[in-house]
Amino acid sequence: MRISMSVSIKIFFRSIIYLAICAVLFLLSNFFLMRFFNASYYLAEFHVASLKLGIVGYIVFSFLSYEYTNLPRTSALQETLEILPSSRSKLLCSQSLVLISLLLIWSINIFGWILGKYVQLQIHYPAFFLNSIPSIFIDFFLPGVIAILVGALLSQKTVREVAYCIIIVSALVCSPVPSGIFASESILGYPVLAFFDWFSILAPNTSWVADDIYGASIEAYRWVLAAFWILLLTAAIVFATPRRNRKTYMMASVLIVLSLLCGV
């Protein structure tokens, strides 16, 4: 695993395209946050505005994950991976860890701006500040992990054109867009939004009036929903990985059972 991690880091940081994508993500995120940092007068207002970056992170890490984890299939590494048992799964795991590390840094960067706004306004309200910590995880980090898993799963079998279409559609479904379109729609008495609720892993509403008392949405169901998708996608990746054995089947089965429990 240590060798796979070393190879994954070298692959990523030797690619100008991957580094450029990350640089653009961080630059645009910080530019966006700087604008609202100077324009907002309330901490809750700034916090809610920052949640708009969630969809950006989802899209970027989905595309980045697909291209990064798909690289072995389109390079000379494929022959080596076919010879060594379990090398493909180890490399995929290490590549995902590299992306998750970058995702964590990006999330901490956003939290740093919220912390800066908290200090600037000299607000002595620890409850709201403590609310922002889990909000960073549920609105940025966990959706980013799901995005990485989506890209990794698509890279196993799907061609680039199909993968890109699926990523774009999934981003639209996960965003607050459906709630604005199908708010009052129903089919045979069944609310359409009840279907889209299964995909609402991003901040549910980034245009509501900021509330310093309530803070950001961190309800328990959102954590369970994120766990559902992480477990389900991980199980799907295990099934899609070549050279499956009894151990991998058992692990995938356990993950599916856990995801179903979260779904219930």
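The side chains of Asp 139 and Arg 222 meet in a salt bridge, with N and O 2.7 Å apart. A salt bridge here is a side-chain nitrogen of Lys or Arg within 4 Å of a carboxyl oxygen of Asp or Glu. The pair links distant parts of the chain. Asp 139 lies in helix α7 and Arg 222 in helix α11 (residues 220-240), 83 residues apart. Helices are DSSP runs of H or I with at least four residues, strands are runs of E with at least two, and both are numbered from the N terminus. Asp 139 and Arg 222 are both buried. Buried means under 20% relative accessible area, exposed means over 50%, and partly exposed lies in between (1.4 Å probe, protein chains only).

The model is predicted; local features need pLDDT of at least 70, side-chain atom pairs count only at pLDDT 80 or more, and totals for chains, interfaces and linings use all residues. Residues are numbered from 1 along each chain as its sequence is written, and side-chain values use heavy atoms, leaving out hydrogens and water.

The whole structure holds two salt bridges. Besides the pair of Asp 139 and Arg 222, Arg 160 forms a salt bridge with Glu 67, the closest N and O atoms being 2.8 Å apart. Arg 160 lies in helix α8 (residues 160-174) and Glu 67 in helix α4, so this pair ties together parts that are 93 residues apart in sequence. Arg 160 is partly exposed, at 38% relative accessibility. Glu 67 is buried, with a relative accessible area of 19%.

Helix α4 (residues 53-70) also meets helix α7 (residues 126-157). Their axes come within 7 Å and cross at roughly 30°. Axes are lines fitted to C-alpha atoms, for helices over the stretch in contact, and angles run from 0 to 180 degrees between N-to-C directions. The contact (heavy atoms within 4.5 Å) includes Phe 61, Ser 65 and Thr 69 of α4 and Asp 139, Phe 140 and Ala 147 of α7. By class, the contact has eleven nonpolar, eight polar and one charged residues. Ala, Val, Leu, Ile, Met, Phe, Trp, Tyr, Cys and Pro count as nonpolar, Asp, Glu, Lys and Arg as charged, and the others, Gly among them, as polar.

Overall, the protein has twelve helices and two strands. Along the sequence, the pattern is α-α-α-α-α-α-α-α-α-β-β-α-α-α. Of its 264 residues, 42% count as buried. Among contacts with a separation of 6 or more, 78% join residues 24 or more positions apart.
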